[in-house]
Amino acid sequence: MKKRIAVLTQKNSLSRGIQNNTTVNVFELEDEQVVGVENFKLENPTDNYFSLLMALKEVCIVYMQSINKDLRRLLETIGIKTKCADETNNDKFIQQFIFD
């Protein structure tokens, strides 16, 4: 099964929300194996732009340190799950990374 997962980072740590210096790392997985990666800086740190971008990239889960309630609600409305740092204890995908 193919899926795309976005991990938002800033300075080698999970990103606290979306900001101008946020790096978006999109991983394409097939049968739980990474088969592609795309990295880019977020050009426009608004909730609407980010949500549209994630929908266009066909992302199903977004990982970040923290997220505002409005962005979380917007992403969930369009079918994209969000996971913050405090929700990743037993998450096999994100535990593969080492963050500061």
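**View 1. Lysine 11 sits in the loop between β1 (2-10) and β2 (13-14).** The model shown here and in every view below is predicted. Lysine 11 is not a glycine, yet its phi is positive, at about 50°. Its relative accessibility is 72%, so lysine 11 counts as exposed; the cut-off for that class is over 50%.

**View 2. Glutamate 32 lies in the loop between β3 (23-30) and β4 (33-41).** Here too the residue is other than glycine and phi is positive, near 65°. Glutamate 32 has a relative accessible area of 59%. That value is over 50%, which means that glutamate 32 is exposed. Glutamate 32 also belongs to the lining of the largest pocket, the subject of the next view.

**View 3. The largest pocket has a volume of about 160 Å³.** Its lining includes Lys3, Ile5, Leu29 and Glu32. Ile61, Tyr63, Asp91, Lys92, Phe93 and Gln96 line the pocket as well. At least two lining residues come from β1, and at least two from β5 (59-64). By class, the lining holds 5 nonpolar, 4 charged and 1 polar residue.

**View 4. The largest nonpolar core contains 18 residues.** Ala6, Leu8, Val24, Phe50, Met54 and Val62 have the most contacts inside this core. Strands β1, β3 and β5 each give two or more residues to it. So do the helices α1 (47-56) and α2 (69-77).

**View 5. Leucine 8 is one of the residues with the most contacts inside the largest nonpolar core.** Which residues does leucine 8 touch, not counting those up to four places away in sequence? Ser13, Leu14, Ser15, Gly17 and Ile18 are among them. Leucine 8 also touches Thr22, Thr23 and Val24. Further contacts go to Phe50, Val62, Tyr63 and Met64. Of these partners, Val24, Phe50 and Val62 are also listed with the most contacts inside the core.

**View 6. Asparagine 68 caps the N-terminal end of α2.** Just after α2 comes glycine 79, with a positive phi of about 90°.

Key: Residues are numbered from 1 along each chain as its sequence is written. This is a predicted model: local features need pLDDT of at least 70, side-chain atom pairs count only at pLDDT 80 or more; totals for chains, interfaces and linings use all residues. Side-chain values use heavy atoms; hydrogens and water are left out. Helices (H or I, at least four residues) and strands (E, at least two) are DSSP runs, numbered from the N terminus. Buried means under 20% relative accessible area, exposed over 50%, partly exposed in between (1.4 Å probe, protein chains only). On a 1 Å grid over the protein atoms alone, a cavity is a set of points where a 1.4 Å probe fits but cannot get out, and a pocket is an open set with protein on both sides within 12 Å along at least five of seven lines; lining residues have an atom within 4 Å of a point. Grid points are joined across faces, edges and corners, and a volume is the space filled by probe spheres set on the points. Ala, Val, Leu, Ile, Met, Phe, Trp, Tyr, Cys and Pro count as nonpolar, Asp, Glu, Lys and Arg as charged, and the others, Gly among them, as polar. A nonpolar core is a set of buried Ala, Val, Leu, Ile, Met, Phe, Trp, Tyr and Cys residues joined through side-chain atoms within 4.5 Å. Contact means heavy atoms within 4.5 Å. A polar contact is a pair of N or O atoms within 3.5 Å; within protein, one must be able to donate a hydrogen and the other to accept it, and residues adjacent in sequence count only if both atoms are side-chain atoms.
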